[in-house]
Amino acid sequence: MPRTKQKADGVEQIVAKAFAHPLRVQILIILNERVASPNLLAQELDQSLNLVAYHVRVLEKYDCVELVGTKQRRGATEHFYRATRRQFLSDAEWARLPEVLRPGLSGAMLKAAFHDIEDAVQAGTMDEIEDRHLSRTPMVVDKQGWGEVATLLSETLDRLLEIQAESSARLAGSAEEGMLSKVEIMHFKSPSPQAALTR
């Protein structure tokens, strides 16, 4: 087996293990946005500190998060982490992920997306900027069309990450204040209207 293939398999196996619990995905989502401690994560996620601390250690073991600081608090040391890996999986990683894990990971990502939308609506920021985008586009496609949409969205994600990096560089050299924005991209097979009515 070529060495590059072995290395790719190793990375994907590590990713599969790191993402094997939906709570770890939720932790990564938060740590991609800000630095936090297991204590702060436990409060935000409404989970026990021991459980969250365990999952943070697993993510650290698989190099998905890193320790960035400590603080003494009430005689104990609080550890603060940030993500070193984004919470989404590449198409290749997703394809190799055991099917039994996929619903939990999708659920964790959707929960975060719904939370983002609810926060923006309640805070009044959803419609604050005139050129914000909100669309819903039901389509009927063949296999080729499905693949073309998937490719387009993958390329769009790559460009989004480039824009993020370019914006960060500009902000570092200016007095402009950064604006937190969130892009939720979804593409999924929808049940037929008949199937939806029978539920």
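How many helices and strands does the chain have?

1. Overall layout. This is a predicted model, and its chain has eight helices and two strands.

2. Burial and contacts across the chain. Of the 199 residues, 24% are buried. If you take the contacts with a sequence separation of 6 or more, 57% of them come from residues 24 or more positions apart.

3. The α2/α3 pair. Helix α2 covers residues 22-33 and helix α3 covers residues 38-45. They pack at an angle of about 110°, and their axes are 11 Å apart. Angles of 65 to 115 degrees count as roughly perpendicular, so that is the label for α2 against α3. As for handedness, the crossing of these two helices is right-handed.

4. Who makes that contact. On the α2 side you'll find L23, Q26, I27, I30 and L31, while α3 supplies L41, E44 and L45. Sorted by class, the contact has six nonpolar residues, one polar and one charged.

5. A residue to look at: D116. D116 sits in helix α6, which spans residues 102-123. Its relative accessibility is 17%, so D116 counts as buried, the cut-off being under 20%.

6. What D116 touches. Setting aside neighbours within four places in sequence, D116 is in contact with K182 and E184. With K182 there is also a polar contact, side chain to side chain, at 3.0 Å.

Methods. Residues numbered from 1 in each chain as written. Predicted model: local features only at pLDDT ≥ 70, side-chain atom pairs only at ≥ 80, totals over all residues. Heavy atoms only, no water. Axes fitted to C-alpha atoms, helices over the stretch in contact; angles between N-to-C directions. Helix = DSSP H or I, 4+ residues; strand = E, 2+ residues; numbered from the N terminus. Parallel < 35°, antiparallel > 145°, perpendicular 65-115°, else oblique. Left-handed = near helix turned anticlockwise from the far one by under 90°. Contact = heavy atoms within 4.5 Å. Nonpolar A, V, L, I, M, F, W, Y, C, P; charged D, E, K, R; others polar. Buried < 20%, exposed > 50% of the residue type's maximum accessible area, 1.4 Å probe, protein only. Polar contact = N/O pair within 3.5 Å; in protein donor to acceptor, adjacent residues only side chain to side chain.
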